[in-house]
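Hello,

Here is the structure we talked about passing on. My notes follow below it.

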Amino acid sequence: MIKISSRLVSILIPYVALITSCGNNKSNEESTKAVLDTVSLSGKNFALAYQDGDKIVATSIDTMKQISFGGATDPAISPDGNKLAYTLNDSLGNRSIWVADMENKSQGKLQVNSNNYYGAVWSADGNHIAFSVFNKSSIWKIGIIKTDNSGYVLLDSASKTNAYGPSWKNEKEIIAHDLENLYTFDLSGKLIDTQSIKTLIGNEYYISSSNNFFYSRDGKKLIFNASNGEVLDGLHDRAEAIYILDLASKKITQLSPKGVHAPFLFVTADDRIFYSGEVKPYTQSKIYVADLSGNIKTVVDRGSNPTGALK
């Protein structure tokens, strides 16, 4: 079992100022800092990133070294474990996505024509990042951009349909939902498939905009988090759990144990299922990793909103 301590063991250094590329917004962006407070690892990739209070943490699999960023949210570690994308909020309430190279400690902003975009998700090949973006028509859409900051595309841009919770079906297709339907898009932004969520999973589950769907690598299973209406004593929100749908048999299996509230889910392209969950008294969250067979291990004793790199 991997046990990651919440205590950082690397050497503290002063913060690294953000790299900015938009001179007109200099004063605003200078007030928005993701504070890098630990030394990066030389020649060693990171395996996991997660939220720990008001900072995000990336760690190597042996947990001997860690790197953290203060004042950032929505950690998204790249598949090769070398980069970290995250969301920053500025003093005006705007949200934007930044990417840090964890070896040389440089940080740069994704250049997107919006003042509200967040929740980066890397493609398995590391060439693209998908994210949620509030467009000019006040509709939530999914954007994608190449990791060299070029080729920005707004998926299904002409429709009035909201889209939430992006994830990568494979390296060339992205899925998202609007609470009622599950959509599949190609990299050009074209909508190529629509499936009713109720047809897929039935009427027993409640889907919110923060819930996510992930396909297994072979496309035969759908992993998702949702509420089934269960009320847990001491939990103020409706309890959520992690489920696996076998698309052939239509059988749904609950992966997370009963009594666990699991609001954050991430599935790697090699079918490792990371999720964070709370147990009574629901004051602290742990991070777990599971496989499609239901084998679960605890990986972080205090943390939430996990993402993992590829093995």
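There are twelve aromatic pairs by the rule used here, in which rings of Phe, Tyr and Trp (its six-membered ring) pair if their centres lie within 6.5 Å, with planes under 30 degrees apart counted as stacked, over 60 as edge-to-face and the rest as tilted. One of them joins Y183 and F185, a tilted pair with 6.3 Å between centres and 40° between planes. This is a predicted model, where local features need pLDDT of at least 70 and side-chain atom pairs count only at pLDDT 80 or more, while totals for chains, interfaces and linings use all residues. Residues are numbered from 1 along each chain as its sequence is written, and side-chain values use heavy atoms, leaving out hydrogens and water.

F224 and Y243 make a stacked pair, 5.4 Å centre to centre and 25° between the planes. F224 is in strand β18 (residues 221-226) and Y243 in strand β19, 19 residues apart; strands are DSSP runs (E, at least two residues), numbered from the N terminus. Both F224 and Y243 are buried, meaning under 20% relative accessible area (1.4 Å probe, protein chains only). Together with Y205 and F213, they form one aromatic cluster.

Two charges sit over rings (NZ of Lys or CZ of Arg within 6 Å of the ring centre and within 35 degrees of the ring normal). K169 is over the face of Y215, 4.6 Å from the ring centre. The charged end of R238 is over the ring of Y206, at 4.1 Å from its centre.

Regards

Definitions and conventions
Helix = DSSP H or I, 4+ residues; strand = E, 2+ residues; numbered from the N terminus. Buried < 20%, exposed > 50% of the residue type's maximum accessible area, 1.4 Å probe, protein only.
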